[in-house]
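Please view the sequence and the structure together before reading on.

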Amino acid sequence: MIDKLGSALNFQQEVLNLRQQRHEVLTSNIANADTPNYKARDFDFSQELSRAMEGGRAAQGGLALSTTSAGHIEGHGSSGSKVHDLMYRVPAQPSLDGNTVDMDRERAEFADNAVRYQASLSMLNSSIRGLKSSMQSE
């Protein structure tokens, strides 16, 4: 039972992590819209989610912290692993300065990602509320 609960929450955690990483990639594209020779980047969300669920970040458990003295406390840090396959976007219309950022597309992708992030967060909240109400006595 606990395994099922853990895997359900782990799935939602990975979805939120990947949405947040995609948000960073898209904001980087928007921030560099006027940078000559900047190449817009993105990744395939579903492919990265399936990779993460098959044994990517969830199984890694974080980075081991190095200790230089016997008095140091051993610990584990966040793995902070990034997306494996960050790809370049193919521009719809090439620019003269070599920049491949299409602001209309980036804004649309940014808004879509933000809505999907919010929807994932709402589903997670709903799941947690349902679990809390089922555990409470009436």
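## Basis of the model

The model is predicted, so that local features need pLDDT of at least 70 and side-chain atom pairs count only at pLDDT 80 or more, while totals for chains, interfaces and linings use all residues. Residues are numbered from 1 along each chain as its sequence is written, and side-chain values use heavy atoms, with hydrogens and water left out.

## Overall fold

The protein chain has 4 helices and 4 strands. Here helices (H or I, at least four residues) and strands (E, at least two) are DSSP runs, numbered from the N terminus. Along the sequence, these elements follow the order α-β-α-α-β-β-β-α.

Of the 138 residues in the protein chain, 25% are buried. Buried denotes a relative accessible area under 20%, exposed one over 50%, and partly exposed a value in between, with a 1.4 Å probe and protein chains only.

## Helix α1 against helix α4

Helix α1 (residues 2-31) and helix α4 (residues 103-135) have axes that come within 9 Å and cross at roughly 160°. This angle makes α1 roughly antiparallel to α4. The axes are lines fitted to C-alpha atoms, for helices over the stretch in contact, and angles run from 0 to 180 degrees between N-to-C directions. Angles under 35 degrees count as roughly parallel, over 145 as roughly antiparallel, 65 to 115 as roughly perpendicular, and the rest as oblique.

The crossing of α1 and α4 is left-handed. A crossing has this hand if the near helix is turned anticlockwise from the far one by less than a right angle, and is right-handed if clockwise. The residues in the contact of α1 with α4 comprise 14 nonpolar, 7 polar and 5 charged. In this division Ala, Val, Leu, Ile, Met, Phe, Trp, Tyr, Cys and Pro count as nonpolar, Asp, Glu, Lys and Arg as charged, and the others, Gly among them, as polar.

Ile128 and Leu9 are 119 residues apart in sequence, yet their C-alpha atoms are 8.9 Å apart in space.

## Helix α1 against helix α2

The axes of α1 and α2 come within 10 Å and cross at roughly 140°; the two helices are therefore oblique to each other. Their crossing is right-handed.

On the α1 side, the contact involves Ser7, Asn10, Phe11, Glu14, Val15, Leu18 and Arg19, which meet Phe45, Glu48, Leu49, Ala52 and Met53 of α2. These residues divide into 7 nonpolar, 2 polar and 3 charged.

## Salt bridges

The structure contains 7 salt bridges, each a side-chain nitrogen of Lys or Arg within 4 Å of a carboxyl oxygen of Asp or Glu. One of them joins the side chains of Arg22 and Asp42, at 2.9 Å from N to O. This pair links distant parts of the chain, with Arg22 in helix α1 and Asp42 in strand β1 (residues 41-42), 20 residues apart. Both Arg22 and Asp42 are buried, Arg22 having a relative accessible area of 7%.

Arg22 also forms a salt bridge with Glu109, where the closest N and O atoms are 2.5 Å apart. Here the link runs between helix α4, which holds Glu109, and helix α1, which holds Arg22, the two residues being 87 apart. Glu109 is partly exposed, with a relative accessible area of 22%. A network of salt bridges links Arg22, Asp42, Arg89, Glu106 and Glu109.

Glu48 lies in helix α2 (residues 45-55) and is buried, with a relative accessible area of 4%. Apart from neighbours within four places in sequence, Glu48 contacts Leu18, Phe43, Val83, His84 and Asp85. Glu48 also forms a salt bridge with Arg51, with 2.9 Å between the closest N and O atoms. The two residues are 3 residues apart in helix α2, which means a separation of about one helical turn. Arg51 is partly exposed, at 26% relative accessibility.

Asn37 is found in the loop between α1 and β1. Although Asn37 is not a glycine, it has a positive phi of about 65°. Asn37 is exposed, with a relative accessible area of 54%.

Methods
Contact means heavy atoms within 4.5 Å.
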